[in-house]
Amino acid sequence: MTPSSSTSLVSDFHALVSLRNGFQFPKPMLSTWNVSNPSSVCSWIGVQCFRRRVVSLDLTDMDLDGSVSPEISKLDRLTYLSLAGNNFTGGIEIVNLSELRFLNISNNGFGGNVEWNYSCMGNLEVLDVYYNNFSGFLPAGVVELKKLRYLALGGNYFVGEIPPSYGRILGLEYLQLGGNNLEGKIPGELGNLTNLRELYLGYYNAFEGGIPPEFGNLVNLVILNLASCELDGQIPPELGNLMSLDTLYLFINLLSGPIPKQLGNLTSLVNLDLSENALTGEIPPEFVNLKKLGLLHLFTNKLHGSIPNNVSEFPDLEELALGDNNFTGVIPENLGQNGKLHVLDLSSNKLTGTIPRNLCSSNQLKNLDLTENFLFGSIPEDLGRCYSLVKVWLRDNYLN
C-alpha cells in the first residue's frame, strides 16, 4: 500500500466512524464496523472498495436511527450511496462527490431542503429522495445534472410550481413529483422529456389548469399518473399518441367533457382509471381496440349510453367499475366469460334486463355490486355456486 492510498483509506475510515457515531442502534446491524482497525474498512457490511478506496456504501433497510454526519461527503470516491429505508432524521447535504452516480436516501425522515451544489455532482444518474420531510421549493439545480435518468422528489412537502427548466433534463426516464404541495400550472416544457418512461405528478398537489397537450410528445411513456391533483378541463386527445402506455391514471380530478376517442389508440393499455371526474358522453366505440385491459375504472362521472358488448370480450379484464353514472341498456351477456373477472361494479346506473349467468364462470369473482339499477328476474343459480364471492350488493332492483 502506497502512503497516499493508505492516507486515503484512513480518511474514508474516519468519515465512516463519524457517520457511525451519529447512528442509534436498536440492534447491532453494523457489528462488523471495527472502529479500532482502519485497515478492515473494506470488509465492513455495506461497504465496497476499489483500489483501496470506498466506492460504495449501501445501508438500505437496516432499521437505523439517528442523523447523518456531514462527514459522509468526505467519501470522495463514492459512486454508489444508499441510505434508503431507515429512520434517519435531521438535515442532510451531499457535496463534492464528483464521482457519485447513484444516490438514494428515500423512505426516511430527513428534513430541510435539497438545494445542494449539484454542479459538483456531474456524474449523477439516479437521485431518489422520495418519502421524507423535505420542504421548500423543488431544487432548481438538478437541471445541471446532464446525466440524470431517474429523479424522485415525491412524497415530501415541496411547495411552489414545477420549474419549466425541468423540461431541459432530456435524459430523464423517470420523474416522480407526486405527493407534495405543488401548485400552479404543469409546465408544457415537460413534454420535451421524450425519453420518459414513467411520470408521476398526482396526489396532494393542487395544479391549476389541465393536462398539457404537449404530453402527447412523451411517446416512450409506459406509466402516466396524474391522479388526485385538481386537474380541470378536458383530456387532451394528444394522449392518444402514447402508444407504449401501459397505465393511465387520471382519477379524482375535475376533468370534464367526453373521453377522447383517441384513447382507443392505446393498444398497450392494461390499467385505465378515469374515475371520480365530471366526464360526459359515452364510452368511445374505439375502446374495442383495448384488448389488453385488465382494469377499467370509469365510476363516478356523468357518462351515459350502453355498456359496449366488446367490453365483455376483453380476454384479461379483471376489474370493471362503471358505477355512479347514467348507463342504460343491459349488462353484456358474456361479461365474466373470460374467467378472470374479480371486481364488477355497475351500481347506481339505469341498467335493465337480467343478471348474466357467466359473471363467475371460473370462480374468480370476489366483489359484485349491482345496486340501484332496474334489473329484474331471478338471481342466476351459477352465482349461488360462486364460492370466490366475498361481497355482494344487489339491493334496490326488481329482482324476484
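## A buried isoleucine in a loop

Ile72 sits in the loop between strand 4 (65-66) and strand 5 (80-82), where helices (H or I, at least four residues) and strands (E, at least two) are DSSP runs, numbered from the N terminus. This is a predicted model, in which local features need pLDDT of at least 70 and side-chain atom pairs count only at pLDDT 80 or more, while totals for chains, interfaces and linings use all residues. Residues are numbered from 1 along each chain as its sequence is written, and side-chain values use heavy atoms, with hydrogens and water left out.

Is Ile72 buried or exposed? Its relative accessibility is 0%, so Ile72 counts as buried; buried means under 20% relative accessible area, exposed means over 50%, and partly exposed lies in between, with a 1.4 Å probe and protein chains only. Leaving out residues up to four places away in sequence, Ile72 touches Leu19, Leu57, Leu81, Leu83, Ile94 and Leu97, where contact means heavy atoms within 4.5 Å. The C-alpha atoms of Ile72 and Ala15 are separated by 5.9 Å, although these two residues are 57 residues apart along the chain.

## A valine in the loop between strands 4 and 5

Val68 is also found in the loop between strand 4 and strand 5, and because its relative accessibility is 8%, Val68 counts as buried. When its neighbours within four places in sequence are set aside, Val68 is in contact with Leu19, Leu83, Phe88, Gly91, Ile92 and Phe110. Leu19 and Leu83 are among the residues that Ile72 touches, and they are among the contacts of Val68 as well. The C-alpha atoms of Val68 and Tyr204, which are 136 residues apart along the chain, are separated by 29 Å.

## The protein as a whole

The protein has two helices and 31 strands, and its C-alpha atoms fill a box of roughly 90 × 45 × 30 Å, taken along the principal axes. Of the 400 residues in the protein, 50% are buried.

The protein carries 25 positive and 40 negative charges, whose mean positions are 8 Å apart. Here Lys and Arg count as positive and Asp and Glu as negative, while His and the chain ends are not counted, and the place of a charge is taken as NZ of Lys, CZ of Arg, CG of Asp or CD of Glu.

## Disulfides and other cysteines

How many disulfides does the protein have? A disulfide is a pair of cysteine sulfur atoms within 2.5 Å, and by this rule the count comes to two. When the bonded cysteines are numbered in sequence order, the pairing is 1-2, 3-4. Cys42 and Cys49 form a disulfide with their sulfur atoms 2.2 Å apart, and the torsion about their S-S bond is about -95 degrees, so this disulfide is left-handed. Cys42 counts as partly exposed because its relative accessibility is 26%, and Cys49 counts as partly exposed at 26% too.

The sulfur atoms of Cys360 and Cys386 lie 2.0 Å apart in their disulfide, and the torsion about the S-S bond is about 70 degrees, so the disulfide is right-handed. Cys360 lies in the loop between strand 27 (343-345) and strand 28 (367-369), and Cys386 in the loop between helix 2 (381-384) and strand 30 (391-393), so the pair ties together parts that are 26 residues apart in sequence. Both Cys360 and Cys386 are buried. Two further cysteines can be described by their accessibility: Cys120 counts as partly exposed at 25%, whereas Cys229 counts as buried at 0%.

## Residues with positive phi

Most residues other than glycine have a negative phi. Arg51, however, is not a glycine and has a positive phi of about 55 degrees. Arg51 is placed in the loop between strand 2 (47-49) and strand 3 (54-58), and this residue is exposed, with a relative accessible area of 70%.

Glu230 also has a positive phi, near 65 degrees, and lies in the loop between strand 17 (223-225) and strand 18 (232-234). With a relative accessible area of 47%, Glu230 is partly exposed.
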